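Visitor: I have a structure open and would like someone to talk me through it. Can we start with the rings?

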Amino acid sequence: MNNAKVDALVSFYENLSEQSLACFAQHYAEHAYFKDPFNEGHGLELIERVFSHMFTQVAEPRFKVLE
């Protein structure tokens, strides 16, 4: 992955909002694999659903990429 793509992905996560969830397709393939402690599976629909649920469960979620 080149630096411009990494920078775009970092910016996407650091500015993530409920409105920007539909933009996952700009950063991930249709059948991308996702795993966290509570979810595991393939596909943008799953990823969008996981993050959408996060916005209903967490007040003002934020990501800060350090490295």
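**The ring cluster**

Guide: In this predicted model, ring pairs join F12, Y13, F24, Y28, F34, F51 and F63 into a cluster.

Visitor: How many aromatic pairs are there in the whole structure?

Guide: A search of the whole structure turns up 9 aromatic pairs. One of them is F12 with Y13: the ring centres are 5.5 Å apart and the planes are at 75 degrees, so this pair is edge-to-face.

Visitor: Are F12 and Y13 buried or exposed?

Guide: Both F12 and Y13 are buried.

Visitor: And how do the rings of F12 and F24 sit?

Guide: Their centres are 5.0 Å apart with the planes at 80 degrees, and planes over 60 degrees apart count as edge-to-face, so the pair of F12 and F24 is edge-to-face. F12 lies in helix α1, residues 3-14, while F24 lies in the loop between α1 and β1 (33-35), so the pair ties together parts that are 12 residues apart in sequence. Both F12 and F24 are buried.

Visitor: Is S20 buried or exposed?

Guide: S20 has a relative accessible area of 14%. Buried means under 20%, so S20 is buried.

Visitor: What is S20 in contact with, leaving aside neighbours within four places in sequence?

Guide: With those neighbours set aside, S20 is in contact with F12 and N15. F12 is the residue whose ring pairs with F24.

Visitor: New topic. What pattern does the chain follow along the sequence?

Guide: The pattern is α-β-β-α, made up of 2 helices and 2 strands.

Visitor: What is the radius of gyration of the chain?

Guide: The chain has 12 Å; a compact globule of 67 residues would have a value near 11 Å, which agrees. The C-alpha trace spans about 30 × 25 × 25 Å along its principal axes.

Visitor: How much of the chain is buried?

Guide: Buried residues make up 28% of the 67 residues. As for the surface, the accessible area of the chain is about 5200 Å², and 52% of that belongs to carbon and sulfur atoms.

Visitor: Of contacts between residues at least 6 apart in sequence, how many join residues at least 24 apart?

Guide: That share is 33%.

Visitor: Last one. How far apart are the mean positions of the positive and negative charges?

Guide: The chain has 5 positive and 10 negative charges, and their mean positions are 3 Å apart.

Conventions:
Residues are numbered from 1 along each chain as its sequence is written. This is a predicted model: local features need pLDDT of at least 70, side-chain atom pairs count only at pLDDT 80 or more; totals for chains, interfaces and linings use all residues. Side-chain values use heavy atoms; hydrogens and water are left out. Rings of Phe, Tyr and Trp (its six-membered ring) pair if their centres lie within 6.5 Å; planes under 30 degrees apart count as stacked, over 60 as edge-to-face and the rest as tilted. Buried means under 20% relative accessible area, exposed over 50%, partly exposed in between (1.4 Å probe, protein chains only). Helices (H or I, at least four residues) and strands (E, at least two) are DSSP runs, numbered from the N terminus. The radius of gyration is taken over C-alpha atoms; the globule rule is 2.2 Å times the number of residues to the power 0.38. Contact means heavy atoms within 4.5 Å. Accessible areas come from the Shrake-Rupley method with a 1.4 Å probe; for residues, only the protein chains shown count as cover. Lys and Arg count as positive and Asp and Glu as negative; His and the chain ends are not counted. The place of a charge is taken as NZ of Lys, CZ of Arg, CG of Asp or CD of Glu.
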